[in-house]
Amino acid sequence: MIQVEHVWHHYGVAPVLRDVCFHVPQGEQVCVIGPNGMGKSTLLGVLAGLLCPVEGRVKIDGRTRGASPEDEQAIRRQVYYLPDQPWLPSLRTGRELLVAVGQVYDIPSRRLFDHVDRLLTLFDLQQQADKTTSGYSNGQKHKIGISAALISEAPVLLLDEPFGGGLDPAGILALKEVLKRLAKNQDITVVMTTPVPSLVAEVATRVLVLREGKVADYATPQALIEQAGTATLEEALQQSVFPETVENIDRYFRPEETP
Amino acid sequence: MKRFWTWLRVINPAEYAVGVAGLVFLTAAMIYAVTMGVFWAMGYPLHSDSPSITPSYWLQTSRLLTAFVSFCAAIYGALRATHSHPMHNPDYYRWLSSTPWKYPLPLPLGPVTLCWQDAVCMAVFALLVAPAGGFFWLAPVVFALVVYIIITLRMLIHGGPYWLGYAGLFGLAASASVGWRVGMIESGRVFEQLTSYSGEASPRTGDELLLAVLLLTFVALTVVATQVGLKLQLRRFPWSAKVVEIFERQTTANTRANNTRANNTRTTNTQPRQFHREFAAVGWPMSVLNPKADARPVYSALERIVICSLAAFTVFLILNGIVAMLRMMPDEMFANMERRRSSAGLFDMLSLYFVGFPCIGLLVVRLIKHMAPFASPINPWGRLRTGRWFIAGYDRVFITPLLMLATMLLGFVATRHVLAFVIALQPVSASLTLLAVALLYAFGPPDLETWRLTGRHRLRSDLVYLRKRGDVREHFWN
């Protein structure tokens, strides 16, 4: 479904992505994990077509991004990208925004309005639905952003830190379950980023560990556990992604040993 | 009297319009009366033909009145063109489409073409400013007509018959050009009187009649083009979906602008029309990545060629008028300067205004449209340090602006030096330069749609945060 081939990117002098290659089969839920500033959002931006890599290419459903206007348009019809800080039109109500996104993706009106109502109920936004988004809290804005991604019914969802942005526990639970069921029942491909290992085990069918712009690991959660020889995925990811963190914690409480 | 009002009400543009116009006029009249009263109390004569009364307060205040009335007349012209035209009112259009109305039945909200009632209104406007004397009575008539014609031509260009719309625009440009020349000649005459110029009689005396006839012909042809165009347009009612779409988009944009003044909570209108063609309003980055976003030109290739030609033709008329006027002027008018040098200097300045600045403006607009939302994938410092000085996929955006710049400079060199001694050809050369630059702007690669979809760029997000409530992205893509 998604093929990333030898992608390199840098904004200035330091490379952000270095020779990134991976393949995401249809219906998989890939969680991109890595420390801050290691290129997770850049990678998602490249997949979303928000920025063109310096080298390499991205193929989605057999078509190459930016190869021709037709290919690019076809890809855009299949992909929904939710950035970590989406900008919502301040003069629209949440309901209006969802309907507008649904219309962009040609969702039939009857199903669209029904889906909007169900999403607003799912994320507990009925009270706010008919107010302009300028009055929403951060968490509510995030929920509307996620709802917009789900209303699109796009076969590929690219979600940048969907569990962040002030989402409350009920919202996290709802999103986790929705993503799981979508992948299971509707064969939707999801690529998401998260800095929190504990969430990965519950939603990911594959984990991509990004370190210093390179793909350090790309495997199923089970394979990562076996590879690390740990009991849980969380421990395996701690070893893989943040190997120095436990040591640094110990060192923090023993100031005399700090070099 | 009642029958007269009933007859006149056919063109009443809106219930409130007469009231507003009356209020504006009463305010103007009150200012006028008070001013007159003050002057009278101070002992100034209220009316005199003698030039010794300086300044002529009577003249100045009556010209103020003329400005007010002309303003009202312009509004009248705008309302006459828009109020009863179904293209300007989607609800009216939909309702009318559901009725058996066909041209030439009268339109329920009144005629869109000019009629005798308009002549009565124009006469009233003219009478109101008659005290100003001279040809000032023409001012409100001209304002009303020009506004009416411009709006109607715009409707014809969007909704057809296109050829009449463009023909009308050419007519309007020609009328403006000739009218401007008449104005210049009149100004020249005043100038001569003021400076007591006593040279030989200028050859312009013979041209005035010709110019006046030309002006009237162009104006009449333009008005005829609008009237015939409107009738042909109504004959094609109901119009194609594309035509209706363009005007509905504008109406919904207006609705959205009005909504900004509404309070924070409002009832959601989920009628499809409200969202029609408003796909851009889905927040960032969806507004840019939106599969239905469309940056293709609004006008077809042929229309773009006609618009560019029209601009160049207008500039040609203006410059040609100036050249003709310079040739008509007697040498004594140039005082101590060499005639050729001062003429060339003036022409250079005018071609800078009419050709140079528009060319630079087009160049800047093109760069902004192609580069403001799409940045280089690597910042300039990164490009320098990593040796990627040239990124073909991105730098192709500079090809057309560079060609535009080269064409402009080449055109100026040709006009200024090569054709310096063939003054009659200079307006042709200058307007051809503008035409070439405008065509490059309109057709130069890459077009915005291809660039948006296939350019090797990075979509900027910083614009979004420039204004918290600006909805910058929405408007940029609309």
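Tutor: Let's settle one term before we start: contact means heavy atoms within 4.5 Å. Also keep in mind that this is a predicted model.
Student: Okay, how many residues does the contact take from chain B and from chain A?
Tutor: The contact takes 47 residues from chain B and 49 from chain A.
Student: And what's the area buried between chain B and chain A?
Tutor: About 4300 Å² is buried between the two chains, with carbon and sulfur atoms giving 58% of that.
Student: How many salt bridges does the rule find across the interface?
Tutor: One salt bridge turns up across the interface of chain B and chain A.
Student: Which residue does A:E55 form a salt bridge with?
Tutor: That would be B:R388, and the closest N and O atoms of the pair are 3.2 Å apart.
Student: Switching topic: how many cavities of 30 Å³ or more are there?
Tutor: The count comes to eight. The largest cavity has a volume of about 90 Å³. It is lined by 15 residues, and the closest to its centre are A:Y80, A:P86, A:L88, B:V282 and B:W284.
Student: Which elements of chain A each supply at least two residues of that lining?
Tutor: Those are β6, residues 79–82, and α5, residues 138–151. The largest share of the lining, three residues, comes from β6(A).
Student: Now chain B by itself. How many helices and strands are there in it?
Tutor: Chain B has 19 helices and two strands. Of its 478 residues, 41% are buried. Looking at contacts in chain B with a separation of 6 or more, residues 24 or more positions apart account for 77% of them.
Student: Let's pick one residue. Where does B:V298 lie?
Tutor: B:V298 sits in the loop between α11 (286–289) and α12 (301–328) of chain B.
Student: Why does B:V298 count as partly exposed?
Tutor: Because its relative accessibility is 49%, and partly exposed is the range between under 20% for buried and over 50% for exposed.
Student: How far apart are B:V298 and B:H158?
Tutor: In sequence, B:V298 and B:H158 are 140 residues apart, while in space they are 9.8 Å apart, C-alpha to C-alpha.

Definitions and conventions: Residues are numbered from 1 along each chain as its sequence is written. Chains are lettered from A and ligands numbered from 1 in the order in which they are written. This is a predicted model: local features need pLDDT of at least 70, side-chain atom pairs count only at pLDDT 80 or more; totals for chains, interfaces and linings use all residues. Side-chain values use heavy atoms; hydrogens and water are left out. On a 1 Å grid over the protein atoms alone, a cavity is a set of points where a 1.4 Å probe fits but cannot get out, and a pocket is an open set with protein on both sides within 12 Å along at least five of seven lines; lining residues have an atom within 4 Å of a point. Grid points are joined across faces, edges and corners, and a volume is the space filled by probe spheres set on the points. Helices (H or I, at least four residues) and strands (E, at least two) are DSSP runs, numbered from the N terminus. Buried means under 20% relative accessible area, exposed over 50%, partly exposed in between (1.4 Å probe, protein chains only). Buried area is the accessible area (1.4 Å probe) that two parts lose on being put together, summed over both. A salt bridge is a side-chain nitrogen of Lys or Arg within 4 Å of a carboxyl oxygen of Asp or Glu.
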